[in-house]
Amino acid sequence: MALDTNVQAWLLAQLGESTPTADLETRYARLGTARAVALEVLRGRLAALIQQPASVNVSGAVAVTFTENIKALERQIALLETGEPPAPDDPPGTGDDDTVTLGVFHLRERARR
């Protein structure tokens, strides 16, 4: 399977422009879908971040924390797992057309006269 320009643009938008295109092509040939490639790359980045200390603090000099980066990656992975944003090579019928959304209404009693 070849990586076309639409899929490549979508992947770079999800993963960042600095992601090597050759790596994306190899993964796409192996996995077959852009969504699977994006999820694999993001899960790898998340695993790398989790293996490192979540924060580094040098008293009076610098303090760095990666917890927000970890949370952002987890949110992005969760969105991709639910099908958002749609990928150019997603199979037809996986969009919003056949999605059913249920909501909850919270009712409040009003004062009677």
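What follows is a conversation about the terms applied to this model.

Modeller: This is a predicted model, in which local features need pLDDT of at least 70 and side-chain atom pairs count only at pLDDT 80 or more, while totals for chains, interfaces and linings use all residues. Residues are numbered from 1 along each chain as its sequence is written, and side-chain values use heavy atoms, with hydrogens and water left out.

Colleague: What makes a set of residues a nonpolar core, and how many residues has the largest one here?

Modeller: The term covers buried Ala, Val, Leu, Ile, Met, Phe, Trp, Tyr and Cys residues joined through side-chain atoms within 4.5 Å, where buried means under 20% relative accessible area with a 1.4 Å probe, counting protein chains only. The largest such core has 21 residues, and those with the most contacts inside it are Trp 10, Leu 11, Leu 15, Leu 24 and Ala 34. At least two residues come from each of H1 (5–15), H2 (21–31), H3 (34–51) and H4 (67–81), the helices being DSSP runs of H or I with at least four residues, numbered from the N terminus. H3 gives the most, with eight residues.

Colleague: Why are H1 and H2 called roughly perpendicular?

Modeller: They pack at an angle of about 115 degrees, with their axes 11 Å apart; the axes are lines fitted to C-alpha atoms over the stretch in contact, and angles run from 0 to 180 degrees between N-to-C directions. Since 65 to 115 degrees counts as roughly perpendicular, under 35 as roughly parallel, over 145 as roughly antiparallel and the rest as oblique, H1 and H2 are therefore roughly perpendicular to each other.

Colleague: Which residues of H1 and H2 meet there?

Modeller: Val 7, Gln 8, Leu 11, Leu 12 and Leu 15 in H1 meet Thr 21, Leu 24 and Tyr 28 in H2, contact meaning heavy atoms within 4.5 Å. By class, this contact of H1 with H2 has six nonpolar residues, two polar and no charged.

Colleague: How do you know that H3 and H4 are roughly antiparallel?

Modeller: Their packing angle is about 160 degrees, with the axes 10 Å apart, and by the cut-off already given H3 and H4 are therefore roughly antiparallel to each other. Nine nonpolar, two polar and five charged residues make up the contact of H3 with H4.

Colleague: Where is Pro 85 placed, and which peptide bond there is cis?

Modeller: Pro 85 lies in the segment after H4, and the peptide bond from Glu 84 to Pro 85 is cis, with omega near -15 degrees.

Methods: Buried < 20%, exposed > 50% of the residue type's maximum accessible area, 1.4 Å probe, protein only. Nonpolar A, V, L, I, M, F, W, Y, C, P; charged D, E, K, R; others polar.
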